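Colleague: Could you walk me through this one before I set anything up with it?

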Amino acid sequence: MSTPAFAAALVPALVWIPLSLGALSFVLGRAASPWLVLPGLLATAGVVPALLPLAAPGGIAAYHLGGWMPPLGIAWRLDGLSAIMLAITAIVSAGVGIFASSMMNRMDRQSEWFWPLLLLLIAGLNALFLTRDLFNAYVTLEIVSLAAVALVTITGTSAPIVAGMRYLLAALAGSLSYLLAVALLYARYGTLDFDLLATVMQDDPIGMLALALATAGLFIKSALFPLHVWLPPAHGSAPAPVSAMLSALVVKAGFYLLLRLWFEVFAALDSLAAARVLIGLCGAGAVVWGSMLALCQQRLKPLLAYSTVAQLGYLLLLFPLAEVVSAWQGTLILVCAHGTAKAAMFLAAGIILRAYGHDRIIAIGGAARGVPLTTFALGLAGVSLIGLPPSGGFAAKWLLLVAAFESGRWWWSFVPLGGGLLAAGYVFIILARAFEAPSADTGDFAQVPRVAELAALALALVSFMLGFAGNAVAIGLDSAIAEMTRS
Amino acid sequence: MSNDALPPLLILLSSLLPGLIIFFLPEKSVRLRTALNLCGALFKVAVVIVVLQGVYAGLEYSASVPFLPGNDLVLRIDSLALLFVTLSAGLWLVMTVYAVSYLEDSPNRSRFFGFYSLCVSATVGIAMAGDLLTLFVFYELLTIATYPLVVHNGTPEARRAGTVYLAFTIGGGVLLLAGTVWVQTLAVSTNFLEVAGVLEGLGQEHETALRLIFALMVGGFGVKAAVVPLHQWLPRAMVAPAPVSALLHAVAVVKAGAFGIIRVVYDVYGVELSHALGLSDALAVLATATILYGSFQALRQDDLKLRLAYSTVSQVSYILLGIALYSPLASIGGLSHLVHQGLMKITLFLCAGNLGQTLGIHKVSEMNGAGARMPWTMAAFSVAALGMIGLPPFAGFISKWYLGSGAVQSGAGWALVVLLISSLLNAAYFLPILSRVWFRKQTGPWPEEKSFGRFETKAGLLFPPVTTAIATVAVGLFAGTPVSPLSWIRDVVAVEYRL
């Protein structure tokens with residue numbers, strides 16, 4: 001078997017490995033986790049580098065479930081865009097897995113449910129990033145949402161359960177809206193395959209309605225402004241590794257699907273220019289509103305949650321700037337840089353919570369001395385979040401700015417420029433305290449596993465070093481962008 | 001990788017690598033940390049000496065590191081870069097010796113020296129940056145690396161100073177970023193060392209854009225260069241330890257701002273274009289306002305470090321005035337002040353640090369009779385202060401002489417008046433200190449006296465300012481010789497003006 005063929009055969013493994021391990025760890029219960037799960041997670045992560053050559057131009061790998069071709073069967077396909085999403089999922093979930101295994105080693109209720117749900121979530125994400133079918137996408141999106149809701153409520157305490165219920169209701173509303181769009185399209189065109197739909201799509205009111213419904217549903221699922229209100233309580237109250245997965249990956253899943261819809265399935269709709277500007281404006285609103293609320297928070301985790309709302313806003317700038325290649329590069333680097341940085345920061349928040357028993361920002365003075373590696377991780381990830389060079393966040397912002405100026409729509413540049421200032425504000429609210437001498441109300445200090453600290457630091461380092469990965473992302477995206485900017 | 005790529009990378013890594021290692025050293029491994037610091041500093045100086053000879057012999061050094069799609073990080077050594085690199089490499093060595101003694105037994109030294117090394121790495125990066133993106137990257141790195149030093153003491157006051165510092169520098173960074181991207185989309189190349197004056201040759205229709213870009217960039221660099229009204233972070237940052245003040249005022253931060261403006265005027269716009277658009281006139285006005293404002297403020301301060309801080313505000317704008325006047329002679333004056341002000345100001349701050357560490361003196365009014373107690377320190381202080389006023393044969397005289405001649409050459413008589421007023425003000429805020437120190441009797445016990453063996457203070461605190469004071473005299477006395485900074489600067493200016 002030649003190497004590309006072998007790699008193509010590995011594609012479905014990205015879904016089967018976490019899915020079967022999740023089922024196994026559920027059956028085996030406490031005995032299994034995390035010693036069974038962690039190697040599986042790392043193995044899944046290990047599959048990704050083997051797949052990367054496929055993402056290079058001309059290397060697209062297609063896989064037909066059960067050997068059935070569309071429109072009867074469901075196609076999965078790996079292109080540059082998918083590969084980047086899969087890679088970042090693998091990296092973040094490996095970091096989160098290592099963190100969780102070191103922090104949850106006391107065989108408690110949490111760990112029994114945590115691992116099966118985490119693996120289900122990863123399987124759902126990976127399947128979503130591969131699928132080429134609208135209904136299959138719906139199913140994977142549901143798997144992701146339900147696993148995420150369950151993970152939020154895993155501690156069984158009141159605040160997360162309230163937040164989780166809200167999240168559940170919002171996610172269901174989003175699903176319903178998306179499902180309506182799927183039904184409309186199926187009734188009209190009789191197929192749900194991305195590529196087939198793209199070729200037959202008519203520029204008519206039904207198409208517009210379907211797109212609007214799907215977009216609204218995905219806006220809810222991805223907590224995109226102004227439909228973000230469920231996110232801060234859910235991400236702010238969930239356990240640290242769960243918040244990390246949610247902020248880094250789950251909200252990006254909906255965004256990913258939005259890209260597929262707008263730039264592939266519905267690319268034929270000509271009358272979308274105004275709508276794209278509207279989406280860009282939502283992005284600007286997200287940056288301003290999310291950052292302002294982040295600045296007002298007293299505790300670390302809610303601050304990070306609002307920061308996610310803000311950072312998702314930058315992603316939406318792609319819509320009005322999509323004809324410029326560097327906008328795509330910047331957006332995808334931002335997906336990765338924000339994912340790793342935010343995961344690192346939530347893990348760091350979990351460490352500080354464990355070490356000091358609270359995450360009140362005003363009283364974490366002296367954290368630099370208690371947990372220096374974690375402080376370092378917070379700093380590195382924070383630099384990337386602000387978008388200071390040479391971090392991944394900077395690379396993303398630079399490319400977005402170049403796109404704004406090159407397209408002649410320079411006014412969009414105010415969003416990343418101003419957003420950077422606001423982000424600097426809320427990141428340094430945290431860091432300034434960390435450099436302070438310890439104060440009396442810092443609280444007692446409890447030892448934290450070194451491995452957990454290293455996991456957070458590793459993710460932060462990835463985010464920081466992503467600044468140098470711009471060329472790799474550009475090459476990986478070439479084929480996907482060529483296809484998507486053709487319209 | 002070719003041999004030509006190695007020296008710029010070595011200059012960068014000789015402080016970057018030790019810095020990164022130092023972060024992870026335990027607090028108590030003093031010797032290893034000091035050894036790393038000193039080896040890095042000495043190695044950097046050695047490489048710089050080799051490069052100096054190479055550039056003198058006509059060699060060119062450049063290196064590039066893959067970074068963004070379509071934009072590499074470009075390091076390149078031209079003679080202007082080398083001027084700044086030599087200054088910061090030399091002063092870093094002095095500063096390292098001083099800082100090791102100054103911070104003996106204080107907490108968080110690994111963190112301190114880690115960021116300290118990062119600062120110097122960022123500074124040499126700024127100096128060697130071959131295009132605007134690279135310049136921006138290192139300029140922002142400098143912001144990140146200096147913040148922890150400003151807040152090093154961990155007091156609420158330090159935190160507030162740090163917040164003000166960040167608000168100004170990050171805000172400036174945003175302006176600079178906008179300007180940089182804009183230039184990138186207008187110009188064919190931003191590699192200003194290959195294409196001198198990358199914006200020259202754009203048509204009339206871009207004039208407004210060019211003016212706006214200039215405002216953005218001068219706004220961005222002006223924050224660190226402490227141009228009025230963007231200077232407010234500088235006096236507040238005085239809460240930091242003395243080695244940090246010296247770093248801010250002489251080696252790294254304000255110099256980085258001034259250097260950035262030099263690059264913008266000479267290499268992004270080119271002398272001709274910035275003159276033709278009237279941009280250099282605007283810069284001259286800004287510099288004049290800053291020179292006068294800083295001097296007047298300095299007069300009013302009783303706190304020694306604050307007085308020195310306002311003096312910096314004023315003195316750095318001499319550099320800007322020099323490059324803003326459309327005259328080669330003024331440019332020589334401005335650029336030589338980049339070096340001379342560095343030498344003099346570092347001396348003053350190190351001496352101020354010595355007074356604080358040894359006698360607990362922080363105010364001018366407490367300095368009566370200090371000359372008798374600490375003759376070497378105060379002698380060094382006096383040399384630097386007289387140089388600042390601009391008396392011959394000290395370094396400051398050379399700068400002012402060329403600035404004055406340049407003012408005459410470009411027909412800007414008002415600039416001569418500004419220089420005169422400013423020199424009088426310099427004298428008015430420095431001479432009273434000298435008279436207190438040397439001619440008044442000690443009025444009471446020193447606020448907090450410590451004694452350190454043989455010398456008037458710790459040897460590690462005493463030698464650095466004495467060395468830089470000697471250098472202040474030397475660059476003034478031997479300004480006419482081919483090895484002086486002045487003759488190097490003449491060559492730089494000849495290139496920029498295409499003489």
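Modeller: What follows goes from confidence to the chains, their contact and some local backbone details.

Colleague: Where does the model come from, and what does it score?

Modeller: This is a predicted model, and its scores are ipTM 0.90 and pTM 0.92. For chain B the average pLDDT is 88, with 97% of the residues scoring at least 70.

Colleague: Which elements of chain B have the lowest and the highest mean pLDDT?

Modeller: Among the elements of chain B, the lowest mean pLDDT, 83, belongs to helix H20 (residues 485-496), while the highest, 93, belongs to helix H16 (residues 375-389).

Colleague: OK, now the folds. What is the secondary structure of chain A?

Modeller: Chain A comes to 21 helices and two strands. Its radius of gyration is 21 Å, close to the 23 Å that the globule rule gives for 487 residues, so chain A is as compact as a globular protein of that length. The C-alpha trace of chain A spans about 70 × 55 × 45 Å along its principal axes, and 61% of its 487 residues are buried.

Colleague: And how many helices and strands are there in chain B?

Modeller: Chain B has 20 helices and two strands.

Colleague: How do the two strands of chain B pair?

Modeller: Strand S1 (residues 61-68) of chain B and strand S2 (residues 71-77) of chain B are antiparallel and share six bridges. B:Tyr61 stands opposite B:Ile77 in S2(B). The hairpin has two residues between the strands, and B:Gly70 in this hairpin takes a positive phi near 85°.

Colleague: Switching to the interface, how many residues are in contact between the chains?

Modeller: On the chain B side there are 25 residues, in contact with 27 residues of chain A. S1, helix H5 (132-150) and helix H6 (156-186) of chain B each supply at least two residues of the side that touches chain A, and H6(B) gives the most, with 13 residues. By residue type, the side of chain B that touches chain A divides into 17 nonpolar, six polar and two charged.

Colleague: What about the largest nonpolar core, which residues touch the most other members?

Modeller: That core has 389 residues, and those touching the most other members are A:Leu121, A:Ala344, A:Leu347, A:Ala456, B:Cys119 and B:Leu142. Helix H15 (residues 325-356) of chain A gives the most to this core, with 21 residues. Not counting residues up to four places away in sequence, A:Ala456 touches several residues, including A:Phe99, A:Ala344, A:Leu347 and A:Ile351.

Colleague: Is B:Pro464 buried or exposed?

Modeller: B:Pro464 is buried, because it has 29 other C-beta atoms within 10 Å and the cut-off for burial is 20 or more. B:Pro464 has its place in helix H19 (residues 459-477) of chain B. Leaving aside neighbours within four places in sequence, B:Pro464 is in contact with B:Val94, B:Val97, B:Tyr98 and B:Leu350.

Colleague: Last topic, the backbone. Which peptide bonds are cis?

Modeller: In chain A, the bond from A:Phe225 to A:Pro226 is cis, with omega near 5°, and A:Pro226 is found in the loop between helix H9 (205-221) and helix H10 (231-237) of chain A. In chain B, a cis peptide bond joins B:Val228 and B:Pro229, with omega about 5°, and B:Pro229 lies in the loop between helix H7 (207-224) and helix H8 (233-236) of chain B.

Colleague: What is the phi of B:Ala226, and where is this residue?

Modeller: Phi of B:Ala226 is near 60°, a positive value in a residue other than glycine. B:Ala226 is in the loop between H7 and H8 of chain B, and it counts as buried, with 29 C-beta neighbours inside 10 Å. B:Asn108 also has a positive phi near 60°; B:Asn108 sits in the loop between helix H3 (79-102) and helix H4 (109-128) of chain B and is partly exposed, with 19 other C-beta atoms within 10 Å.

Colleague: Why point those out?

Modeller: Because most residues other than glycine have a negative phi, and most peptide bonds are trans.

Conventions
Residues numbered from 1 in each chain as written. Chains lettered and ligands numbered in written order. Predicted model: local features only at pLDDT ≥ 70, side-chain atom pairs only at ≥ 80, totals over all residues. pLDDT = per-residue confidence, 0-100. Helix = DSSP H or I, 4+ residues; strand = E, 2+ residues; numbered from the N terminus. Rg over C-alpha atoms; globule rule 2.2 N^0.38 Å. Buried ≥ 20, exposed ≤ 12 C-beta atoms within 10 Å, placed from the backbone. Pairing = 2+ DSSP bridges. Contact = placed C-beta atoms within 7 Å. Nonpolar A, V, L, I, M, F, W, Y, C, P; charged D, E, K, R; others polar. Core = buried A, V, L, I, M, F, W, Y, C linked by C-beta atoms within 7 Å.
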